[in-house]
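Subject: Structure handover, aromatic pairs and salt bridges

Hi,

Here is the structure for you to open. My notes on the side-chain contacts come after it.

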Amino acid sequence: MPAKIVIVDDEMHIRALIEQTLEELEDEGVTILTAANGQAGLQLIEREKPNLVFLDVMMPRMNGFEVCKSVKSNRKLDGTYIIMLTAKGQEFDRQKGEEVGADMYMTKPFNPDALLDNAREILGL
Amino acid sequence: MTINKHLRTLCTKSNEENAFLRQLLRQCSAPLGIFAPNHSLLLGAHSTDNHQALIQLDNETVGYIKGKAQDVAFIKDALTVLLHKEAARKEMGKEVLQLYREINLIYDFSEQLASTIDPPGISRIALEQAKKLIACDAGRVLLFEEGTKAIKLLAQFGQTSRDEHIIAFQQEIIDRFLAEAKADIIADTKVDHRTKDIPTPLTSLLYAPLRIGERVIGMIVLGTTAAHTYKANDLKILNTLALQAASAIESSLLYEKNIQEIQSREAALKRMHDATKKFVPHDFIKLLGRESIEEIVLGDQVQRDVTVMFLDIRDYTSFSESMTPDENFKFLNRYIGRLEPVITGNRGMIMSFLGDGILALFLHDTDDALQAGIDIHHTVARYNRERAKKNRRPLRLGIGMHHGPLIMGILGNDQRQEANLVSDTVNTASRMEGLTKYYGASIIASESVFTNMKKTPGFGYRSLGKVQVKGKRKALEIFDVFESDPQPLFFKKQETRRGFQQGLLHYHQRSFDQATAAFAKVLSINPEDRAAQLYLNNAIQYLTSGVGTDWEGVEIMEIK
């Protein structure tokens, strides 16, 4: 089954950036979907059951932690790898991240190459 | 043939545009299909109607629509708008990503710069970053040395075999450069007037100044052997890198310069310290509560009880007669050079050199001063054995010491200041030294030296009774420390010590007959005992003349 990636971020340019960064994966059959807030993101994840989610922490209507917690406690969504995105300088609450079961976190501004490498590794591409 | 990415996205990706498109298809009067050029159905359904329309994007056919005529025209228009929007969105995404990549690398560059402090290191990082953003096969970072304008290569990669040409090329641009301080592109090295005469495998060049305000401190050059030419965007990136690198290199050069200045200032200070240490002992400065000579101010002073030692070469005038002034000077230096470590080794410090004399202070225990006196005599004895081998006459020293209060301070005026000792203690110590010759002793210490000792004396000594030195009203008991006397004398003084002390006791009790007998006995064993001889003479005289009621047995010394 072709892999799916979901990007959840309220900032449009970040969504576009991550999408663009991962563009070459689309040529390899990966589907990339986006959502602009936590609630829409959770619905998208529940519907599409992606392999990998890039999830912003600070978002209106359900923040990243809440979305992550909900995804990680949903047994139908087993195997969803979640990368939390956090702004540089805004200290990532590691403990909170661990509590809600985040698999990894990356800081913004992210290094596009590192982001792509991470995605490839997680999807086994 | 691959399916157009934008068309595929619109037709297959679950997003708002896709939802909108699906809604449009549902509104069609009959089934309608959107097909890829290879006839695969992308969205919609196969239609029984055969009306077709090609979907074009930038004059390229990316697919076709098949369905009812009115539907096809309507969907084609909508799809074309959506496709253009998608293409523009993608284009913008690409650009944003490129910008983001640049920002990220520059951000990265700043972070790396922050942890790099050497100009070559900074330059290497700058080239590394440039390589990531700008296609290039060769790169250089050059520094123009201030003043000489000589070129220093800070970092480079690629195309090293033609260095001389590149350097020549560089020299040429550098001249322009310094006038214009501008980044520029040489699109084609074979054509450009700046480079056409220089054989180089590089087809296109890019350079930017390392600029601090209006000042150019160097440049960064990139070159490529590929057929493409550099563009304005490459120049912009290189300029950004160059600006950051320039300020980092500048700070690091300033830092190095500062370090060097601090080091040389410290070295100069140390030289000054070392020099002043020879004139003003560091311990003395410290005693005044200061760290260095520069901190000393006029009027700094401290009062303490110390042991003052005076040391003199006996009969130096006749001793030095045989020497030229030059030899004399050299001799004194050698002599001081031998004694200085003995004094400092016993926690003493030399305060001043007085011709052949030395004035030393012992700030800690009087034991130190006594031990130093003994050690000095041993050192001189060894020195004399060396001198004897060269048939040189032996050196004879007298050492006097006294313990008492001393004001140490800086005297003088603004122009000239000198470390000084203000005290009677110094005078008394000097008198003690003067007495050594009179009593035939090598070391004479006053009673205060003995009473302030920490340990019981572990060396040969004897009391020489009380004296009243010139200029002093108070009488002092003085001691002959004979531990370091030449061996025969040491043994004889040791043997007669009891008899001598008894003689003194009788003497002070005005039993001059018994004193006479005692000192005569001492002299029969040690005929060279000058102290015994002096007391014997006095006792004999007092036997016949008698003494007044105010006689206290104090030897009045008129000598200095």
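Below are notes on rings, charges over rings, and salt bridges.

This is a predicted model: local features need pLDDT of at least 70, side-chain atom pairs count only at pLDDT 80 or more, and totals for chains, interfaces and linings use all residues. Residues are numbered from 1 along each chain as its sequence is written, chains are lettered from A and ligands numbered from 1 in the order written, and side-chain values use heavy atoms, leaving out hydrogens and water.

Aromatic pairs

Over all chains there are 21 aromatic pairs (Phe, Tyr or Trp rings, with the six-membered ring for Trp, centres within 6.5 Å; planes under 30 degrees apart are stacked, over 60 edge-to-face, the rest tilted). One of them is A:Phe110 with B:Tyr100, tilted, at 4.9 Å centre to centre and 45° between the planes. This pair crosses between chains, from the loop between β5 (104–108) and α6 (112–123) of chain A to helix α3 (residues 69–114) of chain B. Helices (H or I, at least four residues) and strands (E, at least two) are DSSP runs, numbered from the N terminus. Both A:Phe110 and B:Tyr100 are buried (under 20% relative accessible area; exposed is over 50%, partly exposed in between; 1.4 Å probe, protein chains only).

B:Phe500 and B:Phe519 are edge-to-face, because their planes lie at 70°, with centres 5.4 Å apart. B:Phe500 is in helix α13 (residues 487–508) and B:Phe519 in helix α14 (residues 512–525) of chain B, so the pair ties together parts 19 residues apart in sequence.

Charges over rings

The charged end of B:Arg462 sits over the ring of B:Phe500, 4.2 Å from its centre (NZ of Lys or CZ of Arg within 6 Å of the ring centre and within 35 degrees of the ring normal).

Salt bridges

The count over all chains is 29 (a side-chain nitrogen of Lys or Arg within 4 Å of a carboxyl oxygen of Asp or Glu). A:Lys108 and A:Asp9 form one, at 3.2 Å, N to O. A:Lys108 lies in strand β5 and A:Asp9 in the loop between β1 (4–8) and α1 (12–21) of chain A, so parts 99 residues apart in sequence are tied together. Both residues are buried.

In chain B, B:Lys493 bridges to B:Asp480 at 2.9 Å between the closest N and O atoms. Both are buried too.

Best wishes
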